[in-house]
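Here are my notes after a first pass through the model. Have a look at the structure, then see whether you read things the way I do.

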Amino acid sequence: MALLAFFGVYSLMAQSNAPFVMVLGIAQDAGFPQANCQKPCCEKVWSGEMPGAKVSCIGLIDPIDSSFWLFDATPDFPEQLQMLLPYGQLNGIFLTHAHIGHYTGLMYLGREVIGADELPVYAMPRMHHFLQENGPWSQLLTLNNIALKELVANEPVFLNERLSVKPLIVPHRDEFSETVGFILSSQDASLLFIPDIDKWQVWDKDIKALVQEVDFALLDGTFFQNGEIPGRDMSEIPHPFIAESMQLLDDLPQAEKQKVHFIHFNHTNPVLQPDSEARQLVKSRGFHLTEEGMQLPLSHKK
């Protein structure tokens, strides 16, 4: 079942033997810069003046087992997998939904590339059906490159005696599958991962309460505010704007706001620009922006 061999390189975090999450990408499905974008937001990246960003993805690492799990399989799968190879072997992939930035990286598991051997892929029922019934994903099953594991909402999957993952159904554009976020838990800490969701107000859960229940919350930060895409009706893409999320969470104690790390930034989002007012405003309000390579410990031990 193991896909990739342990390379024997450890980070300081891994040496502690505490499980942790690594941020592997921070951009919306299409990455940053986005294809065919010649606007100022992407021009500096195309010219090499500033770095781009990989598509939103995180990894859960267990140094004791020398193993890790990916949360979403993005178009940047090769580079993101390479970031985790020093920590061991890939033991599975959890999928949030069937939008292009969140599952199309599965193609690298096929016969043309890795030729994986029954790698566990965890998906909700509609996502499970989508992969079974549509090529080229169905070929991954025919050739036993992946083994689908069906998730049940609100029921944890126990990865080992230390780690579990619980899917939470969230409202989103569900053309091909349902959409989930995940709570990743160790024995004494937890992390909420919701890269895609419609407005917080249409969810049947209280995001403020959830933030207070976990140690870290990686939340949808696709757009900073309304009007970010001129000429486009942004009601068609009803993500919670970062400005809205900050207002909603602003009355939380500072220690609770510090848990929030925004992720999944559209190429137009000004927080991607190093010196933008939007970026500084998020930090001044007591919140965080995810960075590639960031490590978040699932342990209270110092």
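Leaving aside its neighbours within four places in sequence, which residues is Phe 182 in contact with? Keep in mind that this is a predicted model.

1. On that question, the contacts of Phe 182 beyond four places in sequence are Phe 71, Phe 94, Leu 95, Thr 96, Leu 151, Val 165, Lys 166, Pro 167, Leu 191, Leu 192 and Phe 193.

2. As for where it sits, Phe 182 belongs to strand β9, which covers residues 180–185. Its relative accessible area comes out at 0%, so Phe 182 counts as buried, the cut-off being under 20%. Glu 161 is 21 residues away from Phe 182 along the chain, and their C-alpha atoms are 18 Å apart.

3. Zooming out, the chain carries 10 helices and 14 strands. Its radius of gyration is 18 Å, close to the 19 Å the globule rule gives for 302 residues, so the chain is as compact as a globular protein of that length. Along the principal axes, the C-alpha atoms fill a box of roughly 45 × 45 × 40 Å.

4. If you take the contacts with a separation of 6 or more, 68% of them join residues 24 or more positions apart.

5. Now for the surface and the charges. The chain exposes about 12900 Å², with carbon and sulfur atoms supplying 51% of that. There are 20 positive and 37 negative side chains, and the centres of the two sets are 4 Å apart.

Terms used
Residues are numbered from 1 along each chain as its sequence is written. This is a predicted model: local features need pLDDT of at least 70, side-chain atom pairs count only at pLDDT 80 or more; totals for chains, interfaces and linings use all residues. Side-chain values use heavy atoms; hydrogens and water are left out. Helices (H or I, at least four residues) and strands (E, at least two) are DSSP runs, numbered from the N terminus. Buried means under 20% relative accessible area, exposed over 50%, partly exposed in between (1.4 Å probe, protein chains only). Contact means heavy atoms within 4.5 Å. The radius of gyration is taken over C-alpha atoms; the globule rule is 2.2 Å times the number of residues to the power 0.38. Accessible areas come from the Shrake-Rupley method with a 1.4 Å probe; for residues, only the protein chains shown count as cover. Lys and Arg count as positive and Asp and Glu as negative; His and the chain ends are not counted. The place of a charge is taken as NZ of Lys, CZ of Arg, CG of Asp or CD of Glu.
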